[in-house]
Amino acid sequence: MRKRYALAHQLRHAIEKQHFEVFYQAKVDIARHTIVGLEALVRWRHESGRLISPGEFIPLAEESNLIEPIGQFVLVQACRQVYAWHQQGQSVPVSVNVSAVQFLNPVFPQTVHDALLQSGLPSRLLELEITEGVLMHDVAAARVTLEKLKQLGVRLAIDDFGTGYSSLAYLKRFPVDVLKIDQSFVRDMLTDTGDSKIISAIINLGRGLGMELVAEGVEQQAQADALHRLGCTIMQGFLYSRPAPAAEVGKVLSRLTLPTPGSVPIVKPDV
Ligand code: C2E
Ligand code: MG
Ligand code: MG
Ligand code: MG
């Protein structure tokens, strides 16, 4: 308890001092050999110099009402950074993780609108990642928020798909563009046929609903090959890139030819 209290205190201080950094991890389309997006992932630069991963402080931030300022910082920072790359001719969409507290706040669509306006980022270059649990919490309210966000022109993704308790009936009614297959399925897919069957089912479901599919946590070539055979070509994982600071990612982007923004096709069956 005391340790958590101390950490919450430090976190509050870190927010005041803006001791956060946004890292970016590439999403690649292995069929087209190109980066099709970046995911913004927050890190806390502790005063000791240590970089603290979100797994260590996001749950605490959510419980202690600190997630909104952190989420706001990441949203604005990611929009500004990707706008800067866009201005330099490197237009790549960015995905920002949205916590339950942010999403359930009725002002959230306005917050997103403001971030786009202030940064100048075209809305088609912003994608928001929301987890299933958040959408299922209050389905009617979630739909209203999702519709408002869609009207802004942003893309919507369901993160960690398959780990929550999605009602498939609701899924088809949500205006979602992307399903991100949770990394827990990818991790063991080569040895656990149950996991590869689940992945196959998610891919077919997503395709049937006209959604783009992204596999998370791809670490091995054999996993990428298996995913490709199952029909998923967009991957995110250490095999391709680790989350890195903007300065490093910028160097990689400037060496690449990126596809026309918004032209990222929905993964089609390999028939
Ligand atoms: P997520 O959104 O599912 O992000 C993917 C996580 O998997 C990231 O961890 C990423 O570094 C990690 N990852 C990527 N490729 C691989 C791989 O090949 N193998 C393994 N083992 N891991 C891989 P990270 O950056 O530590 O973030 C963890 C979680 O924290 C995120 O999961 C997300 O739920 C949350 N998070 C991160 N940034 C934010 C943020 O700005 N706001 C909110 N609300 N949550 C965030
Ligand atoms: Mg995510
Ligand atoms: Mg995920
Ligand atoms: Mg997650």
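**View 1. Asp159 in the predicted model.** At 7% relative accessibility, Asp159 counts as buried, the cut-off for that class being under 20%. The model shown here and in the other views is predicted.

**View 2. Protein donors of the magnesium ion (ligand 2).** Four residues supply the donors: Glu39 through OE, Asn97 through OD1, Glu129 through OE and Asp159 through OD. Along the chain the donors follow the spacing E-x57-N-x31-E-x29-D. Glu129 belongs to strand β5 (residues 126-131) and Asp159 to strand β6 (residues 155-161), so the pair ties together parts that are 30 residues apart in sequence. Glu129 has a relative accessibility of 1% and therefore counts as buried.

**View 3. The two magnesium ions, ligand 2 and ligand 3.** A distance of 4.2 Å separates the magnesium ion (ligand 2) from the magnesium ion (ligand 3). Asp159 coordinates both ions.

**View 4. The largest nonpolar core.** This core has 79 residues, of which Phe20, Tyr24, Phe103, Leu126 and Leu128 touch the most other members. Helix α3 (residues 67-87) contributes the largest share of the core, 10 residues.

**View 5. Surroundings of Leu128.** Leaving out residues up to four places away in sequence, Leu128 touches Leu75, Val96, Val98, Phe108, Val112, Leu149, Val154, Arg155, Leu156 and Ala157.

Methods. Residues are numbered from 1 along each chain as its sequence is written. Chains are lettered from A and ligands numbered from 1 in the order in which they are written. This is a predicted model: local features need pLDDT of at least 70, side-chain atom pairs count only at pLDDT 80 or more; totals for chains, interfaces and linings use all residues. Side-chain values use heavy atoms; hydrogens and water are left out. Donors are N, O and S atoms within 2.8 Å of the metal (3.2 Å for Na, K and Ca); water is not among the atoms, so sites may look incomplete. Helices (H or I, at least four residues) and strands (E, at least two) are DSSP runs, numbered from the N terminus. Buried means under 20% relative accessible area, exposed over 50%, partly exposed in between (1.4 Å probe, protein chains only). A nonpolar core is a set of buried Ala, Val, Leu, Ile, Met, Phe, Trp, Tyr and Cys residues joined through side-chain atoms within 4.5 Å. Contact means heavy atoms within 4.5 Å.
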